[in-house]
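Student: Please walk me through this structure with some questions and answers.

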Amino acid sequence: MEATILAVTTAICTRHKINGRHIKYNIMSERKRRVRFAPSPTGPLHMGGVRTALYNYLYAKQAGGDFILRIEDTDSQRFVPGVEKYIIESLKWCGIYPDEGVDAQGNVVDTPSERHPHAPYRQSQRKPIYRAYAEELVKNGYAYYAFDSAQELDARRKEAEANKSTFIYNYQTRKELRNSLTLPQEEVKELLETTNNWTIRFKNPENRIVKMDDLIRGHIEMNTNTLDDKVLWKAADELPTYHLANIVDDHLMEITEVIRGEEWLPSLPLHYLLYEAFGWQDSQPRFAHLSLLLKPDGKGKLSKRDGDRLGFPVFPLKWVNAEGEVSRGYREDGYYPEAFVNMLALLGWNPGTEQELFTLDELINSFSLDRVIKSGAKFNPDKAKWFNQEYLRKRTPAQLAEEFAAILAEKVPGKEFSADYVEQLCALIKERAHFVADFWDICSYFFVAPSEYAEKDVNKFCTPENIENIKKVYAFIDNLELKDINSANGAAGKDEAVHHIEEALTGYIKENEWKMGAVMNTLRLFFVGEAKGLGIADIIYFIGKEEALARISRALQKLGL
RNA sequence: GGUGGAUUCGUCUAACGGUUAGGACGGAAGAUUCUCAAUCUUCAAAUAGGAGUUCGAUUCUCCUAUCCACUACCA
C-alpha cells in the first residue's frame, strides 16, 4: 500500500522538473518520516550521543514516523563487547524505544519480518550486500581499485607533513599511485584475484562545487578538489567503511532525514556525491548536523575525562570497561531520566518560549530542527542538578519514600519505619534536596541521635546561662502533653500537632523572656549535633517526646554540663 | 598547514533591521525564620574587533581574530 503511494508520487514528481531539477522535496514529503540513530559499538554511548538519539526520536515521533536503531559495527578492530546492550539499555532508560532495529526483548533484530523489513540492523550482518554496490560504482567510473599499502600511504603523509602540506589521495595524486586508473588492466585483474590488501576508493570529480543543504546550517558549498578519495570498501576484511555502508543502508532503509553530529559535516559532500553516483538523488535524505557538546570549562568537546576531573557523569548509565575502570552514569548518580532527557533536549535547542520544563510528550510536540542551535553548547553540571531538583519536587511523598527506602535500609539496617513516617518526612524535606541521595544527609538525625556535637556550636550555645535554661525546658517538655507522629492523626493531624508543640515551646521561652535563638539552637545542637536542620517543633514531632528528652540529657552528660 | 563550521551575560539561550538587549542556571545583597535549606525581592553580568549597506545593524555583506570539527583501509 505504502509502496504504491510512493511509486505514484515518484512518478508524478519526476515528471515535473523545474529548470531541470527534480522537485525532490515533494517526493520526500509524501514519504513516511524515517530517521535512524546509528552508533558504533566502540565504547559506551555518551551524553552527546544520547542527545543525537533524542533529537532523532523527537523528530520522528512528531512526524508520526519511525525511529530506527542501526548498529554500525564495520570496524572489527575497535569493537567492544557489551556496548550494544548498553546502548539499548540507555535509550530505554531515557524512554526512547526504537520502532525498528530492536525487538521487544531489546535484541537487535537480525531476520527480516513484517515489522522489520529492513533487518538485519547490524552492519556486520549486512556484510554481503555492500560489495556489489562498491563494484557498481567502479563499473560506472565513480570509483576505482587502489593497491597502495598502508605503509606506502603513511610514508607519503609523513613526507607531505615534513613539507608542511597535507597528502590527499585525489585527482592529482591518484595519477601517480598504484590503482586501477594507473596500472595496466591485466595487472589490476591479477592483483584483484591474487591479493586482498586492496580497497575500492571513491573517485572524486575534479574541481566541482558541491552544493549542499543542511536543515540546521543552511546552504553549504565545497570544492571537490579539497576532498580525499575515501576508501569505500576493504578487500582485507570484505567490509565497507562508514561512508559506503551508511549511504547504502540509509537508502535501503528508506531513511528520510539524517540527523547526526557535526563531525560528519566534512564528509557531507562525499555523501552527496555517493547518492548522485548511485542515482539515488530523488530519494536522498535531508541532512541535519548537530553541534557538539563542549566541556564545562576550557575548550573542546566533552570527554569522559572531563567527568572524572570535574565530578559529573558523561554517560547515561554506569559503565565498567575491560580494565575494570568505572565510569559513573546519570542513572546511578540518582538522576531521574525525565530530568536527564529534559536537560539534554535544551542543550542546543529551545522552543522559543520561556518554558524550560518539558515531559517527553511535550518535547515531541514542541521540537523542531530549525530551532536547533548551530554553535556548540558547553555542558553545565549545575543546571543538570537543577533540572533534577525540579523533577524531584514533582514527585509525591509516597514515591520519594519508596525511593528513599533502599538508602534507609542500608543506613539503619534492621530497623523498620512505617510508610507514614517516611512519607511525612519526605514531604517535609523534599524542597531541600537535589537528589533522593541527599535525603540522608538532610535528615539522618531523625533516625539516629548525634554522637558528636560541633565544637563551633558548642562554644557558641553552651553558655552557663543557656544550659540552665535548657534544663528548665527539659522539665517543661517532660510535663507537656504532646502528640507526636505516632499519636497524631496521620498526615492530616501533623500540622496541628507541630503547631501545638511550637506554640507551647515558644510560649514558654517568651514567658521567661529568654532569647529565642539561643534556646532553640541549643536544643537543635542536642537534637541534631550542630546548628542546622528543620524546625525544632518538627524534630520533636518526628522523634517523639521520649527521644527528645533522651537526646537532651545525653548531650548534657556527654558535654559534662 | 588545508577545508568546513561557529562566535549575545561566567554558562544555556531569547530578540520580523527599530527592545531600557529578555529569561534560566550559577553568583551577590536583602527579607523571612529558632539555625540551615527552601522561598520571596533586588542587584551585578553579554552582542569578539573593524569596515560596509541602511534613517537605523545583535540581526545583512566583507575582512580580521578566536574557537571547534575534519584532514585513517575509525566511526
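Tutor: Two residues are in contact if their C-beta atoms, placed from the backbone, lie within 7 Å. This is a predicted model, in which local features need pLDDT of at least 70, side-chain atom pairs count only at pLDDT 80 or more, and totals for chains, interfaces and linings use all residues. Residues are numbered from 1 along each chain as its sequence is written, and chains are lettered from A and ligands numbered from 1 in the order in which they are written.

Student: Among contacts in chain A between residues at least 6 apart in sequence, what share joins residues at least 24 apart?
Tutor: The count takes contacts in chain A between residues at least 6 apart in sequence. Those that join residues at least 24 apart make up 72%.

Student: Which element gives the largest share of the surface near RNA strand B?
Tutor: Near means that a residue's C-beta atom, placed from the backbone, lies within 6 Å of the strand. There are 66 residues around RNA strand B, and S40, E72, T166, S375 and G535 come nearest. Elements that give two or more residues include α6 (150-162), α13 (381-394) and α21 (536-558). The largest share, five residues, comes from α20.

Student: In the open sheet of four strands, which are the edge strands?
Tutor: Strands pair if DSSP finds at least two bridges between them. The order is β5-β6-β9-β10, with antiparallel pairing. β5 and β6 share four bridges, while three join β6 (residues 199-202) to β9. Pairing on one side only marks the edge strands, β5 (143-146) and β10 (239-240).

Student: In β9, which residue is the bridge partner of I200?
Tutor: In β6, I200 is the bridge partner of Y145. I200 and F202 point one way from β6, T199 and R201 the other, and all are buried (20 or more other C-beta atoms within 10 Å of their own; exposed is 12 or fewer, partly exposed in between; C-beta atoms are placed from the backbone). In β9, the partner of I200 is W233.

Student: Which helix packs on the sheet, touching β5, β6, β9 and β10?
Tutor: Its direction makes about 105° with that of β5 (axes are lines fitted to C-alpha atoms, for helices over the stretch in contact; angles run from 0 to 180 degrees between N-to-C directions). The helix is α5 (residues 127-139).

Student: Why does F312 count as partly exposed?
Tutor: F312 lies in the loop between α10 (304-310) and β14 (319-320). Not counting residues up to four places away in sequence, F312 touches G307 and P381. F312 counts as partly exposed because its C-beta neighbours inside 10 Å number 19.

Student: Which elements do the buried residues of α4 pack against?
Tutor: The buried residues of α4 (residues 83-93) are E84, Y86, I87, I88, S90 and L91. They pack against α3 (47-62) and β14.
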